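Try each task before reading its solution.

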Amino acid sequence: MTDLLECRDCGHRTYYEKHRCLECGGAEFDAVPAGNGELLSVTTVHVTPEGVREPNALGLAAFPGGANVVAQLDEELSIGDEVRLVGDRELRVTEDGPLWGVRIAAAE
């Protein structure tokens, strides 16, 4: 999912599913395109669980509407870079096959 969830009552956005908006308590959300955000922080994990790439570069990015997303980086990025969410990326390999999800990539 590369969309964000936007609260119908106040417009606050989040990436992660919630039963209630953290800003106003609203309970209804609409999926909206994430758009471009700004990379706020990066780190690299050198010891990872089985099936997760190593080293594993992670980033925290802020998107319009107040949504912050923590995800694997799709490429080498720096703090302050303009970024977007990209889907269908292999995040981890398990006994049942790969787990797919979202990564943070450079904005186009």
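## Exercise 1: Strand 1 and its partners

Task: find how many bridges join strand 1 to strand 3, and which way the two strands run.

Solution. Strand 1 (residues 3-7) and strand 3 (residues 29-33) run antiparallel, with five bridges joining them. Two strands are taken to pair if DSSP finds at least two bridges between them. Strands themselves are DSSP runs (E, at least two residues), and helices are runs of H or I with at least four residues, both numbered from the N terminus. Before going on, note that this is a predicted model, in which local features need pLDDT of at least 70 and side-chain atom pairs count only at pLDDT 80 or more, while totals for chains, interfaces and linings use all residues. Residues are numbered from 1 along each chain as its sequence is written, and side-chain values use heavy atoms, leaving out hydrogens and water.

Next, turn to the other partner: strand 2 (residues 13-14) is joined to strand 1 by two bridges, again in an antiparallel arrangement.

## Exercise 2: The whole protein

Task: state how many helices and strands the protein has, and what share of its residues is buried.

Solution. Start with the count: there are zero helices and eight strands. Then take the burial: 31% of the 108 residues count as buried, meaning under 20% relative accessible area, with exposed over 50% and partly exposed in between (1.4 Å probe, protein chains only). For the dimensions, the C-alpha atoms fill a box of roughly 40 × 35 × 20 Å along the principal axes. Last, check the contacts, which are heavy atoms within 4.5 Å: of those with a separation of 6 or more, 44% come from residues 24 or more positions apart.

## Exercise 3: Two buried side chains

Task: decide whether Arg 103 is buried or exposed, and do likewise for Phe 63.

Solution. Arg 103 sits in strand 8 (residues 97-106). Its relative accessibility is 12%, so Arg 103 counts as buried. Residues touched by Arg 103 include Arg 53, Asp 74, Arg 84 and Glu 90.

Phe 63 belongs to strand 5 (residues 56-63). Because its relative accessibility is 4%, Phe 63 counts as buried. Among the residues that Phe 63 touches are Leu 4, Val 69, Val 83 and Leu 85.

## Exercise 4: Backbone angles

Task: find which residues a cis peptide bond joins, and where Asp 88 is placed.

Solution. First, the cis bond joins Glu 54 and Pro 55, with omega about 0°. Pro 55 is in the loop between strand 4 (37-45) and strand 5. Second, Asp 88 is in strand 7 (residues 82-94). Its phi is near 60°, a positive value in a residue other than glycine. At 66% relative accessibility, Asp 88 therefore counts as exposed.

Technical notes: Lists of a residue's contacts leave out its neighbours within four places in sequence.
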